[in-house]
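I opened this notebook to keep track of what I looked up in the structure. The entries run in the order in which I made them.

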Amino acid sequence: MASLRFGWLPLLALSGCSLITKFDPSQASESSAAQCSDGVDNDADGLTDCQDFKCLSQPVCCNLPVIVLADDFQHRDCAQATCDQPDPTCTLDAGKWQPWGLPQPILCNGGLSPHKAELCYDVGALGQAPLPLHPGLSVAVTVAGIPETAGQLAVGLTRQPQVGSGNTPCALVQGFQPEIAAIEARSTNGYVFLASFDHSTVAESPEITDDGAHAIRMQIGSDRRVIWLLDGVEFAQSPADQALPGGMNPLTARLGLAGRGLNARFLDARVSDGTQCDAPNAWVPNDGNAFVALSGADDNNKSWDSYQVFAPAVTTVGNQVMLYYSGCTASSLDDSCSQELGIGLATSADQLSFARAPTNPLYPPRARFGLEPGLLRDPTGSSNVTLFISVNALASQQNQEVYRETSADQMQFMETGTAVLQPGPPGSWDDGEVCCSSVLPDNGGLTMWFAGHSKSDGTWRIGVARSSDGFHFTEDPANPVVREGANGDFDQNGVDDPEVLFDDARKLYRMWYTGNTVLGETALGYAVSTDGVRWHKFPGNPVLRPLDVGLQVVGSPAVLADEGELRMWLQGRADDPRLHIYALSNRGKAPQ
Amino acid sequence: MISAVRCVLYALALAACGPAHPVAHPDGGTPDGGAALVSCMPDFGKVYIIDTYGLLPSDQGFDLTGDGKPDNILGALAPFANPTFLNDIKVGSAIFLLGVNDLPDPLADSTDARLAFWVGIDGDMPPDPTNNLSGSAQFLVPSAQLDVDCNSTTVFQNNVLHAGKFTAATAHLSIVAQAIGDLESTNDRLSFEFAPDETRLNNGLIGGISTTCALAKLSSPITPQGTLLDNIVGAFGLQPDIDVDGHGLDHLSADSNGFVTQCQLPDGTLIDGHGCPCDARMTNGYSLAFFFTALPANIIGLAAGSSELH
């Protein structure tokens, strides 16, 4: 029926018929599988296919992998030691891996290395998780280093419950025998991967001639055949007449990372089983104690952040989550935050437990109304951290504005005296204050989303500004780009604390923000945009109400996007009058 | 008892067992002819097969301790062992190969020659031991005896060829012995003399130290759940004779079944249990020395060693 309706449209348009002016695109739909994958903005709402909220539940848009095993060897701090002198305490996560062989593989040189000079059997590690050999299973491993003539890495799926391990480096054992594998082999100018199925080589990958990182992936398709991809390009497929068994109870296997030699190493490994749909409101608090990521030091005002912590901003450096936050001591007058605010850093390797940096506070406490960190989210993983700090100096009675501070070690920031974003000119929507920024690299420059309000109206709204040099920002004439909602909406009294990420797969900006409603109540909203200017609020907003997670107040979301998973840190308050930083995750929902 | 002794000595001789496999290294061809893969094929050099060997008497061997006396405590087993060794060579169950690379031609003094040791497999299909000592016999080497650079895992250093005599040493020797495991020895020394026409190696001598732990990691050929060390201590009553760390000699005790059950450190500390020889505090070892002669042979390729199951 829909195709019939669209079939008329060109005719009507060409005819000049006045009906065209009465055509309401909002009455068109973008919700079927076909409409969500045709490259057309069928309902003319500015969002195409999987960008459109209405397509989120369509299987064609449910591409978020369900991660069942992930390990990032490359970014383990202890794995940076040389392989000749590895850190003896740097061991594989026993909850994920069962190593075998002598010498056991070690974490060194920024990866997992077999570190075995003998050619005889491969040493390695076997994943603890049983993996069903059914469509949707995908194994992705990043490797680096050109192996020796007879060295190799092998990533494989094996039905062995364990791999034999002798008491000498070449003991007689039953070695790693994967049924599905990608095995390195030295070539004239480098190395290749041999795709192995049922112990037979089915194809050879293109030659790799450098010792940099390369991604090898094996996945089971809907036809129950295995395909192999090198750096995203398919190079092998298992025989058509040897499809994996189907049925409700598929064979299970375990992931093995094996090898021999000193040169090549595994950088990371990730296994996903099926896909899930983006579900903007599927936020779940971290289990147990991990829900509260950070609280005030609670040491009778001995620490600068003794009373409470709030306004989180997160980024990653290596495998460390860097959580920048505001903190304060307790007021001497009542049970509240003093006006002596500072900024500190807490780090976490597991995204669950955070440790305060020893050099805290990074930004010394001053007498301020406001002091909030914002971050430049650098997708290159640079160790440089650039904070965009919203400052309001109490003594000078200045309005809140945004300063830029950069640090190479993530901890030492130099205060620069010039604001990179100040309140707008008199009479503008943000001539009162600007604050609470979120910054992304964009076309060689930077794009900043921030909150602001006018002197005449305390309602916070969200604007966007761009800079070609990273220091001088120019506001978009369309500002404010996100406004408060209508009466009765969760954000009817204003929107602030924007947190923006870019989804490269969907070419979509994603914003989480604080919505203010009556009587100081808050909730979190979500919006998307293809250009960073025209934003579409999620129809299911708010995506998180305080009571959803047992809190009284939520706000200032900070979000990290990992493959198949979002993690959020926010400021919140429960029964305690103090703000804490809480952690949640969102793994989407299963396709319907 | 005689058979038990034979088995122990057989194990000591590092006999290579197991079926021969055709060359099947993973670096073979590829189904669809992509990049040319690199073959793992060492340069074996000038190859010799050991045609006679045996334990030297205890009063002969290398002076490993520097006290002016030969060290070869396991030489006490020579009268029992040596006939077995000779038979093992005859039936083809002990194929020990030496490969010499970069040998000057004609023979001259050199420090550039390199020596590797291999435990070979008969290259005949089916195996025919009668021609092993013909001077032109062909053998395979299990690829398990290679390192990832395709060199022998048993390579000697400090190689010196002087006046036709070759001497070499290595701090650590690991010899693949498929029947009982890998024999690890340390402070190994080797010497032999080239015949003028290079058709024989004469007056060969090889010796070193095998720690109690190294011997305890080898399977016993006579007691199913025992180790070779159990037999050395329990059946022959031999104690370690090399004080590796300079702290004095350890003492091992065996029970009536011939199993090591207790170790005593030089300071009197007792370590109980069958695993005591591998306690980190146990550093002593047994000295051993073999004589040998050898004649020419050929290594024609690699075999997938049975310990290389992948």
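The entries below take up a helix, a sheet and some disulfides.

**Ground rules.** I am working with a predicted model, in which local features need pLDDT of at least 70 and side-chain atom pairs count only at pLDDT 80 or more, while totals for chains, interfaces and linings use all residues. Residues are numbered from 1 along each chain as its sequence is written, chains are lettered from A and ligands numbered from 1 in the order in which they are written, and side-chain values use heavy atoms, with hydrogens and water left out.

**Helix H2 of chain B.** I took helices (H or I, at least four residues) and strands (E, at least two) as DSSP runs, numbered from the N terminus. I then looked up burial (buried is under 20% relative accessible area, exposed over 50%, partly exposed in between, with a 1.4 Å probe and protein chains only) and noted B:Ala78, B:Ala81, B:Asn82, B:Thr84, B:Phe85, B:Asp88 and B:Ile89 as buried. After the helix comes B:Gly92, with a positive phi near 80°.

**Sheet in chain B.** I found an open, antiparallel sheet of three strands in the order S10-S11-S12, where two strands pair if DSSP finds at least two bridges between them. S10 (251–254) and S12 (270–272) stand at the edges with a single partner strand each, so one side of each has no neighbour in the sheet. S11 (residues 260–264) pairs with S12(B) over three bridges, and B:Gln262 stands opposite B:Asp272.

**Disulfides.** Searching the whole structure for cysteine sulfur atoms within 2.5 Å of each other, I found 10 disulfides over all chains. In B:Cys263 and B:Cys276 the sulfurs are 1.9 Å apart, and the link, with 65° about the S-S bond, is right-handed. B:Cys263 lies in S11 and B:Cys276 in the loop between S12 and S13 (285–303), so the pair ties together parts 13 residues apart in sequence. B:Cys263 is buried at 0% relative accessibility, and B:Cys276 is buried at 1%.
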